[in-house]
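Hi,

Here is the structure I promised to pass on. My notes on its salt bridges follow below.

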Amino acid sequence: MAPARKDIRTLTKDELRTFFKDKNIPVFKGNQVYEWLWSKAAQSFDSMTNLSLAHRDLLEEHFVINHIEVDQQQRSNDGTIKNAVRLHDGLIVESVLIPTATRTTACVSSQVGCSLDCTFCATASLKRMRNLNPDEIFDQVAVIHKQSLLYHDRPLSNVVFMGMGEPLMNYKNTLDAIEKITSPEGLGMSPKRITVSTSGISKMILKMADLKPKWNLAVSLHSAIEETRHKIMPFAEKFPLTELKTALLHWYAQTKSKITFEYVVWEGINDTEKEMEALLKFCLDVPSKVNLIEYNPIDQSDFRQASEEVVNRYIDLLESNKIPVTVRRSRGKDIDAACGQLANKTL
Ligand code: SAH
């Protein structure tokens, strides 16, 4: 039996150059292939038209391109597109294109299922099957970039790691994907337009901060009171808020960039004065802004979005203390594409 062919996108540019060198072919062919793979997101060797047929055959003989396929595309009334994406081994993840008047944002997945157990999130009901590879994360962005050009006549402007999975539990691959998304030899996007969202894995935040990254950090806080957080995000017992605060202060010291706290207000969970005061204190300690997210109901859940009046009290308290607040309205709810609703429901 012929040996299994290797996924060519696991090779670095140098390794590609060496591949050609070893076959007495000019090494710049390696650069061309690299450009096809990352800058042009080519899905076949046949499409590499500046390579001779012999060279394309040679690549075909040794490698495969394990690219993703959009298995199903759902389009919402508000322009949001949800892609069910099939990976080379048949597993499925979801990614979402979110248009606003001025931007197109790609919301991408980092794991198949999720390592964590947030009780309000549909993805948590799928156990973690595996981490996505850098090229699988990259491909979601490349696909949405093409969809943005096709349906909205403009390039992709932002990327958020707010799809399925916990990016900091797939740290290396997430960083490798960001490298390819931002590199001039990849999609060339500015890192300032990328946001990594984590549920608060302190030790990985510390590690990432040491890279002095230019991308943004969002943390799904949902409560600044330890007991409440443990109730709704049980894994958080391993990551106490005091440690999270230390990690975030380190992030700020390294990057000078404020942290965004994602926060849903639920009836009977975090709708009290005590919760509001705790959040304010946390925000006064850590340079931050707050993104109040509308709750997207999921099946078999008792969570209910708090009233507008309670949400307004949060806003007033934060704003009167000069903490910037934004309110994220749900997008794509009619197709289960909103935050926390990604659970491969249609499949
Ligand atoms: N694991 C990462 C990224 C995925 S979740 C994280 O936790 O940040 C993306 C955002 O959606 C998080 O802020 C998460 O708390 C929020 N979310 C999850 N379920 C939700 C739901 N049902 N309604 C609204 N937001 C939800």
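Asp 285 pairs with Lys 281 in a salt bridge, with 2.9 Å between the closest N and O atoms (the term means a side-chain nitrogen of Lys or Arg within 4 Å of a carboxyl oxygen of Asp or Glu). Both residues sit in helix α9, four residues apart, or about one turn of the helix. Helices (H or I, at least four residues) and strands (E, at least two) are DSSP runs, numbered from the N terminus. Asp 285 is partly exposed, at 29% relative accessible area; buried would be under 20%, exposed over 50%, and partly exposed is in between (1.4 Å probe, protein chains only).

Bear in mind that this is a predicted model: local features need pLDDT of at least 70, side-chain atom pairs count only at pLDDT 80 or more, and totals for chains, interfaces and linings use all residues. Numbering runs from 1 along each chain as its sequence is written, and side-chain values use heavy atoms, leaving out hydrogens and water.

Searching the whole structure turns up 16 salt bridges. Here are some others:

- Glu 185 and Lys 13 have their closest N and O atoms 2.1 Å apart. This pair links distant parts of the chain, 172 residues apart: Glu 185 is in the loop between α5 and β10, Lys 13 in helix α1. Glu 185 is partly exposed at 33%, and Lys 13 is partly exposed at 24%.
- Glu 267 bridges to Arg 304 at 3.0 Å. Glu 267 is partly exposed at 39%, while Arg 304 is exposed at 51%.
- Arg 9, Asp 135 and Asp 139 are joined in a salt-bridge network.

Cheers
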